[in-house]
Amino acid sequence: MASKRRVLLVSNSTLHGSGYLDHCEQHIGNFLGAEVKKVLFVPYALHDRDTYADVARTKFKSMGYQLDSIHQSPEPVKAVRKAEAVFIGGGNTFRLLKALYDEKLVEVLRDRVLKDGMPYMGSSAGSNVATVSISTTNDMPIVYPPSFDALALVPFNINPHYLDPDPNSTHQGETREKRIKEYHEYQDRPPVLGLREGCMLHIEGDKATLLGVTNARLFVRDQKPTEYEPEADLSFLLGVK
């Protein structure tokens, strides 16, 4: 049976030189299409949820969509069950995942996406929680969720805002690539897709396509990293066990 999954995982909400979601506005419109009229926004990754929701609402209104914020709903689970589409914004991934567990939203979100085909869009932390786990986030653990296990809408992990090593830097700390390799020092760890700012992964059923203006870097345990350009077919990642 073909998968109903519809997912758009964006590396970053704001690209240098542009406004909030400007760099991916066209892709969002193509993804949501004309069928979706209202988007349910999840602002749990930031402390000031009201302001965050206002920013998102203004942007989506400019694109022709209504937006409700889940934090203003008295029954978050019911809000997800009724949603036409969900957008989970960026911020701190640990805070976000903890809130999803606290509000008992992990399973209902997973079911709505994988079983019902509800469109799911994430940015940064919102993309992290769509994967197997949040173990490859860049964020500090300012709170502790009951598990690092995430929504598992895809069978791999993501590192958003992926940065390449700067050969002219005097910084002696670990590079992003070294940290991902540390993650892969343990067996049974899934691949990690490093999404540079400006790129995103679009998934329709069992097809995954890299979109945007920058390359992505794929890390697989015991293999050399591989570069992929925009429009690359990454569907093979969806078959990873």
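With which side chain does the side chain of Arg-217 make a polar contact at 3.2 Å? In this predicted model, the partner is the side chain of Glu-177, and a further polar contact, at 2.8 Å, joins the side chain of Arg-217 to that of Glu-227. Arg-217 is found in strand β10, which spans residues 216-219. Because its relative accessibility is 17%, below the 20% cut-off, Arg-217 counts as buried. When residues up to four places away in sequence are left aside, Arg-217 touches Tyr-162, Glu-177, Val-192, Leu-193, Gly-194, Arg-196, Pro-225, Thr-226 and Glu-227.

Seven strands form an open sheet with mixed pairing, in the order β3-β2-β4-β5-β1-β8-β9. Strands β3 (66-69) and β9 (207-212) are the edges of this sheet, each pairing on one side only, and from one strand to the next the twist averages 20 degrees. Within the sheet, strand β2 (residues 38-42) pairs with strand β4 (residues 86-88) in the parallel sense, over three bridges, and Phe-41 stands opposite Phe-87 in β4. Helix α1 (residues 25-32) packs on the sheet, where it touches β1 (6-10), β2, β5 (120-123), β8 (199-204) and β9, and the direction of this helix makes about 170 degrees with that of β1.

In soluble globular proteins, nonpolar side chains tend to be buried together. In the present model, the largest nonpolar core has 48 residues, and those with the most contacts inside it are Val-86, Leu-96, Leu-100, Leu-109, Tyr-120, Val-129 and Leu-234. Helix α4 (residues 93-102) contributes the largest share of this core, namely five residues. With residues up to four places away in sequence not counted, Leu-100 touches Val-42, Tyr-44, Leu-105, Val-106, Leu-109 and Val-129, and of these contacts Leu-109 and Val-129 are also listed among the residues with the most contacts inside the core.

Terms used
Residues are numbered from 1 along each chain as its sequence is written. This is a predicted model: local features need pLDDT of at least 70, side-chain atom pairs count only at pLDDT 80 or more; totals for chains, interfaces and linings use all residues. Side-chain values use heavy atoms; hydrogens and water are left out. Two strands pair if DSSP finds at least two bridges between them. Helices (H or I, at least four residues) and strands (E, at least two) are DSSP runs, numbered from the N terminus. Axes are lines fitted to C-alpha atoms, for helices over the stretch in contact, and angles run from 0 to 180 degrees between N-to-C directions. Contact means heavy atoms within 4.5 Å. Buried means under 20% relative accessible area, exposed over 50%, partly exposed in between (1.4 Å probe, protein chains only). A polar contact is a pair of N or O atoms within 3.5 Å; within protein, one must be able to donate a hydrogen and the other to accept it, and residues adjacent in sequence count only if both atoms are side-chain atoms. A nonpolar core is a set of buried Ala, Val, Leu, Ile, Met, Phe, Trp, Tyr and Cys residues joined through side-chain atoms within 4.5 Å.
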